[in-house]
Amino acid sequence: MADTNNINSFIEPYLIPEGSDELNENLKIMANSFAVTDDKIREIIAGFHESMKTGLDHDDKDALPMIPTFVRGRPTGEEKGTYLALDLGGTNLRVCQVTLNGDTTYSLVQQKFTITQEAKESRLWDFIAECVGVFLEEHGLKPAPGKRTIPCGYTFSFPIFQTSISSGNLSMWNKGFTVPNSVGRDVVNLTQSAFQRHHVPVEVVAIVNDTVGTLMTSGYTFPDTQMGIIFGTGTNAAYWEKLENIPKWTGEDRKGEMVVNLEWGAFDNATKVLPYTMHDNKLNRKSPNHGFQVYEKMISGLFLGEVVRNALLSLVDRRLLFEGRSSEILNKSYTFDTAYMSEIVADDSSDLHGVKAVLEGTLDLPPTTLIDRRIVQNVCNMVGTRGVRLSAAAMSAVLLARPELMKNNISVGIDGSMYQFYPNFEQDLYKVSSVFLDPDFVQNRLKLRLAKDGSGVGAAIVAMTVDRDRA
């Protein structure tokens, strides 16, 4: 087994014996820059804990936001009822009708709408209202007798500062969204106004972040769930914290627990501890939210392929890859999809024909050599390995923040394309975290659970608790 605290373990596997000295020297420099040793992870965990503590105490632009979510009741799995949920993500809007069966199971009727570029740039709120109107009409849904609206939970997977269970101000856009006149405003109001304009009889009674939704969904099926994580287009996490450990919470009742939304994509925006490379810097320089969400840009699906593309082009520019040639497709930003990384990393054929198909078929590159294909696979592995090790570092840091819970079984609900589809992602999360958590805990008591489409169901679970409490 590789010694993950030895820098050479992150360099030697990526050298190519048949390659030139100049190629291997460049691969060595690149691998070194993407390496995350165990000691580096310990440094990151310490940085996480310091940032979490500051963020729980007070709002600080240099610390993790640690946003109180106003969600206070853990699901038991016995809740019943049918509720509407909206789930606005980076790529799709899902409209769901969720029926909780009261026995830790639920059923789901849903429709997915691809968010148009126009909606991302300007008319998002009207787009949401139109989609919900279509869903209600197609499924014949109307308010209950004597009610004017259908109660709805709203999973909103962008950074908001919540002011109550049903209101939250947008703090910034990410994931390529740039809708004007939205930052600083209450997203429930903006959505509700669009519902009124389009005569959609729906009332948003709870707004939750996608990770809170994932946490609550996993918690409905597995009541020992302590954390919800998204490892997908973007990344974030939420966890149960004792109210007494949240000094900035101003509510009167300080007993019990509350879900805290970390917004961990914003960790280390000052890049003091993260392994930041020239390829990350190039991505960051050209991104709409330059200097923000730095951690997210190192581990999430939207960005990993672009980091790889930058790294590959740096080798092309030195004439060490593809004989110095590129293609129109590869020259454009965000054309090297993270899904291609997954295909390339998984290719174990002797001639790497899967890699060849991506490079020559999809990216329209001129004919490649086996050495070219090995270089591309190695660069994908460098970036992907860094991503999963940073992901495990963050998960470990949050679990270590409640050490008293690790005597018991703990489930972590996880959703997202990286977790589901990137080769060996779950296995590597266990493997890496066992170095920093008690190995006995990781082997016998920690359970990572796929909370598939969890964000929609979780919003319905929270809507149910709000509707129940106000009845």
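The side chain of Ser167 makes a polar contact with the side chain of Thr163, at 2.7 Å, and another with the side chain of Ser164, also at 2.7 Å. A polar contact here is a pair of N or O atoms within 3.5 Å; within protein, one must be able to donate a hydrogen and the other to accept it, and residues adjacent in sequence count only if both atoms are side-chain atoms.

The model is predicted: local features need pLDDT of at least 70, side-chain atom pairs count only at pLDDT 80 or more, and totals for chains, interfaces and linings use all residues. Residues are numbered from 1 along each chain as its sequence is written, and side-chain values use heavy atoms, with hydrogens and water left out.

Ser167 belongs to strand 7, residues 167–170; strands (E, at least two residues) and helices (H or I, at least four) are DSSP runs, numbered from the N terminus. Is Ser167 buried or exposed? Ser167 is buried, with a relative accessible area of 13%, where buried means under 20%, exposed over 50% and partly exposed in between, using a 1.4 Å probe and protein chains only. Leaving aside residues up to four places away in sequence, Ser167 touches Gln162, Asp186, Val188 and Ile207, contact meaning heavy atoms within 4.5 Å.

I turn now to strand 11, residues 257–261, where four of the five residues are buried. Strand 10 (residues 235–242) runs antiparallel to strand 11 and is joined to it by five bridges; strands pair if DSSP finds at least two bridges between them. Glu257 in strand 11 is the bridge partner of Lys242.
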